[in-house]
Amino acid sequence: MNKENLEMLWDTLTPKLYGYLVNTLRDRNLADDILQATWLKALEALPRFSDRGFGFSAWLFAIARNECRQHWRKGDREIPFDENVHDTKEADFKTEDKILVDQILMRLSDSDRELIRLRFIADLSLNDIAKLFKINPITARVRMHRALSTARSLFIKQQ
Amino acid sequence: MKNKRTIKNIFESWGQSKKELPPNNNALKSEILSKVPSDLGKTFAINHSRLPWVSFAFTAVAVVVFFINLAGPQNNFGKQAPTLGESSVDFYKTSSNRGTSAPSMPSLDNYYTPPFYGGGDSPITDNREFLKIGYNATVRTRRAPLLAARIETLIRGFGGRIDSASSGEKSGYISFALPKEELSTFQLAIKDLAGARFYTEQTNSQNLLPQKQMIEENQRQNEKNLSDLNAERGQIVRSHNQVVASHQSRVDSINRDIATLNAEYPSADAARRAQILNIINQLQAEINTIRYQIANENKSYQTKISDIDNKIRNTQENLRIIKNEDTNLINNVATVNGTISLTWINLWELADAYAPGPLLAWVFLLAAIAYYLFWHRRFIAVPDYF
């Protein structure tokens, strides 16, 4: 792995990682900081990296989640979402759908919400998610199925 | 299903919409990539392919130790029995020495092997068994004095007898005798007291048929001697009586002749009287000779009788001794002579006794796992994150 490879990784993973962090932290400045810290830690630990069947992407998100946990440990957990301040880039997503998804996500449990973020923002496979959650891949699949079922029920109710 | 697909599509669209680059992406990217070490590729390549060889080595050693241990006990179990031509420690000599001084404590691997006696000249048709049982046990313990006291109490409780005992802080030795019929129960009790893991025993038995046959042969020989001597004595008595009776009848006959001559003497003439006196004198001389012979015969008879009575007494004494030997042999067969050695067990051996398989193999295996965990932390990417 060299700098060129890392540049490619950056270009591929940073949108997902930053999107995930913004959605998780609800604070762009904080997301910037944690994005930076995550990459620095990843570079620091890169000589010791071995994918062991899991990709760099999953590993990077594991570091990011850990950084988030460390942040929350120091201070507050997720702050209330204010789209005017924190999340204004929704140009290609219909406002109606955005509101709907936000309402659905608000009513899901923390773990289901995290599962959906990792699956649909981070684009992680269920195996990678299982590894991050330290659960069996089948369990991860079942949880995802349940989360989607719950979301579907909420979606129907909302409609 | 349609709704599910729909919600999935909505989430996918939502996820796509959420992906974005930070506003200062280029600056951030330059800053981060500027911190990439120049030899990153080399380091990464080396570490990525590295394997926990030390763990593999420890595991291999553990496996080797395990298999060596599997083959090991057969090699250590007992000394080889001496062959026919070899002299071996005499069983009874060994037993008699037990009471005098405590021998060196045997180790677990130092099992007693009974000496080989063979069947002697005993024919196979004689299938009697007079089994003398010897019992040796070794108990590994960390509380030798207490265990020794309990074992002594146990032996006495089984109707046994302590022949010798010694105990120290880390070792002990008890030599004892026990009724044969109590042995099996006693063994169970000792095993229960000491703990089966720390107890090794060896019993050996020896058929004392040759000794028994020798005793019986001696008894037969002595009984025959006694019978012969009694017969011989009877013969001597009869012979003596015959000789004495013969002499006596001769004396009686002469006395009758003398009486006849004495009766004739008053009515005989002078010449006849002189003749009668002469004959009587001759007959008296003959009587004296016969009495002398009778005296000699009596003397000879007394000597012979005394001699043969001595022989009979000796033979009877031998028979009594043989009978005692026979009783002793039977008692000996009915008694188990045994020894119990108490030896110190260190913590390693204690752990080894409880470990399933050789402890050393487990230690190597644990070392392999420990090293693997260390290696895992060191060479696998940031384990906290996974």
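# Notebook: two chains, helix by helix

**Entry 1: the end of a helix.** I started at Lys134(A), which follows helix α6(A) and has a positive phi, near 55°. For my own record, helices (H or I, at least four residues) and strands (E, at least two) are DSSP runs, numbered from the N terminus. The model is predicted, so local features need pLDDT of at least 70 and side-chain atom pairs count only at pLDDT 80 or more, while totals for chains, interfaces and linings use all residues. Residues are numbered from 1 along each chain as its sequence is written, chains are lettered from A and ligands numbered from 1 in the order in which they are written, and side-chain values use heavy atoms, with hydrogens and water left out.

**Entry 2: is α6(A) covered or open?** I looked up α6(A), residues 126-133, and found it mostly covered, with six of its eight residues buried. Buried means under 20% relative accessible area, exposed means over 50%, and partly exposed is in between (1.4 Å probe, protein chains only). Among the buried ones I noted Leu126(A), Asp128(A) and Phe133(A). What do they pack against? The buried residues of α6(A) pack against α3 (56-74), α5 and α7 (137-158) of chain A; a contact here means heavy atoms within 4.5 Å.

**Entry 3: chain A as a whole.** I counted up the elements of chain A and got seven helices and zero strands. Of its 159 residues, 53% count as buried. I also checked contacts between residues at least 6 apart in sequence, and 61% of those join residues at least 24 apart.

**Entry 4: chain B and its sheet.** Chain B comes to 11 helices and five strands, and buried residues make up 34% of its 386 residues. Two strands pair if DSSP finds at least two bridges between them.

I then zoomed in on β3 (residues 171-179) and β5 (residues 335-344) of chain B, which run antiparallel and are joined by nine bridges. In this pairing, Pro179(B) stands opposite Thr335(B). A reminder from class: strands of a sheet pair through backbone hydrogen bonds, either parallel or antiparallel.

Next came the helices against the sheet.

**Entry 5: rings.** I found 14 aromatic pairs over all chains. Rings of Phe, Tyr and Trp (its six-membered ring) pair if their centres lie within 6.5 Å; planes under 30 degrees apart are stacked, over 60 edge-to-face, and the rest tilted. Phe120(A) and Phe11(B) are stacked, 5.5 Å centre to centre with 20° between the planes. Phe120(A) is in helix α5 (residues 110-121) of chain A and Phe11(B) in helix α1 (residues 2-18) of chain B, so this pair joins two chains. Phe120(A) counts as buried at 5% relative accessibility, and Phe11(B) is buried at 0%.

Trp53(B) and Phe56(B) make an edge-to-face pair, 5.5 Å centre to centre with 85° between the planes. Both lie in helix α4 (residues 53-76) of chain B, three residues apart, about one turn. Trp53(B) is exposed at 57%, and Phe56(B) is partly exposed at 42%. I also noted that the charged end of Lys170(B) sits over the ring of Trp344(B), 4.9 Å from its centre.

**Entry 6: the record.** An unreviewed UniProt entry lists residues 51-71 and 353-374 of chain B as "transmembrane region". UniProt positions follow the numbering used here, feature names are shortened, and annotations may be inferred rather than shown by experiment. In the model, residues 51-71 of chain B are 90% helix and 0% strand, with end C-alpha atoms 32 Å apart. Residues 353-374 of chain B come out at 82% helix and 0% strand, with the ends 29 Å apart.

Terms used: Lys NZ or Arg CZ within 6 Å of the ring centre and 35° of its normal.
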